[in-house]
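I opened this notebook to keep track of what I looked up in the structure, entry by entry.

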Amino acid sequence: MSVSAIHDDHHDHGPAKGLMRWVTTTNHKDIGTLYMVTSLIMFMVGGAMALVIRAELFEPGMQFVDPMFFNSMTTLHALIMVFGAVMPAFAGLANWMIPMMIGSPDMALPRLNNWSFWLLPFAALMLVSTLFMEGGAAAAGWTLYPPLVLQTGAAFPFTIFTIHILGVSSILAAINIIVTILNMRAPGMTLMKMPLFVWTWLITAFLLIAIMPVFAGAVTMLLTDKFFGTSFFNAAGGGDPVLYQHLFWFFGHPEVYVLILPSFGIVSQIIPTFSRKPLFGYSSMVYATASIGFLSFIVWAHHQYTVGMPVEGELYFTYATMLIAVPTGVKVFNWISTMWRGAITFESPMLWAIAFVVLFTMGGFTGLMMSISPADLQYHDTYFIVAHFHYVLVSGAVFAIIGGVYFWLPKWTGRMYDERLAQLHFWLTTLSVNLCFFPQHFLGLAGMPRRIPDYALQFAEFNAWSSVGAFIFGFSQLIFCYIVIRCMSGRGEHASGEVWEGASEHGLEFNLPSPAPYHTWETPPNVH
């Protein structure tokens with residue numbers, strides 16, 4: 001069954017055929033597919049920008065690009081990866097899986113669903129187009145700090161308009177997900193019987209609705225400072241640049257959890273399936289996820305230890321940040337306990353999930369190091385920070401997304417991917433991601449600042465290793481593209497029950513009531 005045939009149980013599309021079907025569709029599976037394809041394209045675009053950065057940093061001196069273009073690359077790489085690749089991928093997974101997991105025929109607001117997707121590619125195009133404007137993209141990093149960002153050229157207002165459109169898209173998707181989960185569950189499915197992926201997305205959706213308007217407000221104040229003579233962040237007019245940092249990180253820290261909570265949900269679906277055991281501590285996982293969501297709102301200023309805040313403030317943010325380690329630790333131990341004495345098999349999705357647990361935990365430990373304010377004065381704005389958040393976002397969020405795609409791809413397309421190629425993709429990616437980002441811890445501890453196109457000679461060797469790892473990682477993803485396109489085009493073996501049936505044979509009911517169309521780990525009825 002090819003992708004063009006995946007809307008088997010849905011609205012009649014009427015006369016809309018071919019291209020118009022994809023433009024006008026209100027089918028949750030079609031929209032999920034559109035999100036995932038857009039995400040994959042943006043992942044490759046953002047990855048190409050990362051390779052420009054790493055090519056320039058392969059050795060000291062200026063090799064390939066000028067410093068302004070380098071800064072544009074760092075800004076756009078971050079914005080595209082966060083808003084164009086990772087968030088749409090999670091939205092695609094949510095669209096595909098949540099209705100099926102809760103026994104709903106579709107999302108609650110199908111037309112809104114269509115609109116929230118179609119805002120995305122146009123916003124992404126406008127963001128990339130800023131590269132071709134006077135002065136290049138707003139070369140101030142994805143944080144867009146004033147006063148630096150106010151010095152950028154014509155791209156500045158376009159960047160802010162893009163952020164508004166992306167924010168509207170996120171909020172609409174979040175509203176749709178909340179309404180669907182709260183109103184359209186199958187009879188008998190209480191909240192505490194929902195699969196973990198549904199729970200993590202419910203909490204994520206509330207986070208999105210709370211934080212996106214804050215970011216929108218902050219960048220609008222930037223806009224009025226530049227064009228309308230206000231002084232929100234202009235010290236000369238009585239404003240304060242640090243106010244922008246507070247507003248940005250009040251958005252930015254929960255945003256990090258928007259990027260990781262759905263990953264927790266995906267991994268919580270994969271690990272029990274391939275361990276042939278129910279998830280250990282279901283209710284504690286739900287409460288831990290909710291705790292992480294709540295705590296994410298009250299720790300934002302740990303990104304700002306160097307701005308000169310009072311010692312009492314630093315102490316509070318240190319303790320509050322350390323507190324997040326408790327529910328996160330609960331989740332990690334629950335995943336390990338689920339695997340403990342399970343009948344584990346190591347198919348591709350399980351490999352990604354295990355790598356996620358190991359590497360995300362490592363990223364969490366470096367985060368714990370940075371939560372300590374006196375130590376963070378040394379780490380701040382060095383490559384140690386870059387290493388930390390890439391361990392969380394690449395070997396965290398991206399690994400979970402890829403694992404989720406391998407897990408559900410046979411269900412979506414009715415075709416089984418090539419397991420040998422998928423394993424090759426996993427090992428190349430996992431080894432290269434560590435080769436790329438692990439040396440950056442040492443660079444940061446040795447004092448190399450982030451966001452610089454040139455560096456002192458003593459940092460050369462670790463940078464060379466890091467760049468080699470980045471290129472292997474980047475080109476490994478072409479294998480992933482091939483695997484996905486092959487399944488989508490209807491090639492490869494027909495998907496059999498395999499591990500999904502194996503899970504159901506072990507009596508794993510996974511909290512899904514009987515009215516649900518079919519269990520999420522079993523083969524779809526139409527595949528055989």
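Entry 1, cavities. I took a cavity to be a set of points, on a 1 Å grid over the protein atoms alone, where a 1.4 Å probe fits but cannot get out, with lining residues having an atom within 4 Å of a point. Grid points are joined across faces, edges and corners, and a volume is the space filled by probe spheres set on the points. By this rule I have three cavities of 30 Å³ or more, and the largest cavity has a volume of about 320 Å³.

Before going on, I note that this is a predicted model, in which local features need pLDDT of at least 70 and side-chain atom pairs count only at pLDDT 80 or more, while totals for chains, interfaces and linings use all residues. Residues are numbered from 1 along each chain as its sequence is written, and side-chain values use heavy atoms, with hydrogens and water left out.

I then looked up the lining of the largest cavity, which has 22 residues, and Met36, Val37, Leu40, Val405 and Phe480 are those that lie nearest its centre. Two or more lining residues come from each of helix 2, helix 3, helix 12 and helix 14, where helices are DSSP runs (H or I, at least four residues) numbered from the N terminus. Helix 12 gives the largest share of this lining, with seven residues.

Entry 2, salt bridges. How many salt bridges does a search of the whole structure find? It finds two, counting a side-chain nitrogen of Lys or Arg within 4 Å of a carboxyl oxygen of Asp or Glu. One joins the side chains of Asp30 and Arg21 at 2.7 Å, N to O. For burial I used relative accessible area (buried under 20%, exposed over 50%, partly exposed in between, with a 1.4 Å probe and protein chains only); Asp30 is buried at 0%, and Arg21 is buried as well, at 8%.

The other salt bridge is between Arg450 and Asp381, at 3.8 Å, N to O. This pair links distant parts of the chain, 69 residues apart, with Arg450 in the loop between helix 13 (419–445) and helix 14 (460–488) and Asp381 in the loop between helix 11 (373–379) and helix 12 (383–413). Arg450 is buried at 17%, whereas Asp381 is partly exposed at 39%.

I searched for positive phi in residues other than glycine and noted Arg451, with phi near 60 degrees. Arg451 sits in the loop between helix 13 and helix 14 and is partly exposed at 30%. Arg276 also has a positive phi, of about 55 degrees; Arg276 lies in the loop between helix 7 (241–275) and helix 8 (282–295) and is buried at 14%. Just after helix 9, Arg341 takes a positive phi of about 60 degrees.

I also looked up peptide bonds and recorded a cis bond from Pro146 to Pro147, with omega near 0 degrees. Pro147 belongs to the loop between helix 4 (110–129) and helix 5 (155–183).

Key:
On a 1 Å grid over the protein atoms alone, a cavity is a set of points where a 1.4 Å probe fits but cannot get out, and a pocket is an open set with protein on both sides within 12 Å along at least five of seven lines; lining residues have an atom within 4 Å of a point.
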